[in-house]
Amino acid sequence: MDRGDDYAAAGFLGRVGFGTRPAVVVVDVVTAYLDPASPLSDAGGRFESARAASAQLVEIARAHDVPVVFTEVRLTTDGVDGGHFRRKVPALAAFEPGSPWAEFPESPAPLPGEVVITKQYASAFFGTSLASTLRFWGVDTVLVVGFSTSGCVRATATDALQHGFRPIVVDEACGDRDVQVHAHNLFDLDAKYADVVPLADAVTYLRTPTPTPDPREGAMP
């Protein structure tokens, strides 16, 4: 049996669908993943490809008055506020003071007035004001893009679900060091925690935020 068929038969791969009030959350699209000299970058250009797709989505969101939130990782000297996460991943030194890799690229980058969430751990929701900000805006759907698919994107999408938002992960706008790790994590997210959609579908939705019909509406009690 095909893996997708097997999961669907077991009750996975349902859809959360699109809502009516989206926001785009750009997770850690910073030079640490784009500069070949950085230990967090890749040799296959996957991060650069995802950066370009993220920039395209951000431009469309802005053109249609959809709020955009950026995240960044900032650690204190020696990463003491990163706890065991910093211990587990020594490469996170890229986000300590004096590092050249914590900055945003030319595009996408926050404009004046756009919210930037500073975090120390994987999820953009953990220990931050992100959920409160999104609720204040009336957001019901969070389009997640950025780096890396298996790390901060996955954690952010999972927490979006747990905070009551509809998590939508945009395939081409997420990047990881390894193509198989990227693919496996997208499959697992799509099976359990989020809807993984192609960039074209996300673009169409942002241009005209049309909600996904609820199949339960009109059903017999």
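**Ground rules**

I am working with a predicted model, where local features need pLDDT of at least 70, side-chain atom pairs count only at pLDDT 80 or more, and totals for chains, interfaces and linings use all residues. Residues are numbered from 1 along each chain as its sequence is written, and side-chain values use heavy atoms, with hydrogens and water left out.

**Helix H2**

I began with H2, residues 46-63. Helices here are DSSP runs of H or I with at least four residues, strands are E runs of at least two, and both are numbered from the N terminus. H2 has 18 residues and spans 26 Å between its first and last C-alpha. That is close to the 26 Å expected at 1.5 Å a residue, where the expected span is 1.5 Å times one less than the number of residues.

Which residues of H2 are buried? I use buried for under 20% relative accessible area, exposed for over 50% and partly exposed for in between, with a 1.4 Å probe and protein chains only. My list for H2 reads Phe 47, Ala 50, Arg 51, Ala 53, Ser 54, Ala 55, Leu 57, Val 58, Ile 60 and Ala 61. A reminder to myself: an α-helix has 3.6 residues a turn, so residues three or four places apart point the same way.

**Strand E4**

E4 was my next stop. Seven of its seven residues are buried, so E4 is largely enclosed by the rest of the structure. I checked both faces: Thr 141, Leu 143, Val 145 and Phe 147 cover one side, with Val 142, Val 144 and Gly 146 on the other.

Then I looked at pairing, which needs at least two DSSP bridges between two strands. E1 and E4 run parallel and share six bridges, with Val 24 opposite Leu 143 of E4. E4 and E5 are also joined by six bridges and run parallel; there Gly 146 has Cys 174 of E5 as its bridge partner.

**Single residues**

I looked up Asp 190 in helix H6, residues 179-192. Is Asp 190 buried or exposed? It is buried, because its relative accessible area is 16%. Contact means heavy atoms within 4.5 Å. Setting aside neighbours within four places in sequence, I find Asp 190 in contact with Leu 13, Gly 14, Arg 15, Asp 195 and Val 196.

Ala 8 belongs to helix H1, residues 3-9, and is partly exposed at 43% relative accessible area. I also noted that Ala 8 and Ala 191 are 183 residues apart in sequence but 8.2 Å apart in space, C-alpha to C-alpha.

Most residues other than glycine have a negative phi, and most peptide bonds are trans. I went looking for exceptions.

Asp 65, in the loop between H2 and E2, has a positive phi near 60°. Asp 65 counts as exposed, at 72% relative accessibility. Asp 78 is not a glycine either, yet its phi is positive, about 70°. I place Asp 78 in the loop between E2 and H3, exposed at 59% relative accessibility.

Where are the cis peptide bonds that I wrote down? One joins Ser 107 and Pro 108, with omega about 0°; Pro 108 lies in the loop between helix H3 (83-88) and strand E3 (115-119). Another joins Phe 147 and Ser 148, with omega about -25°, and Ser 148 is in the loop between E4 and helix H5 (149-162).

**The largest pocket**

Ser 148 turned up again here. The largest pocket is lined by 14 residues, and Tyr 33, Leu 40, Val 89, Leu 92 and Ser 148 lie nearest its centre. For the record, a pocket is an open set of points on a 1 Å grid over the protein atoms alone, where a 1.4 Å probe fits, with protein on both sides within 12 Å along at least five of seven lines; lining residues have an atom within 4 Å of a point.
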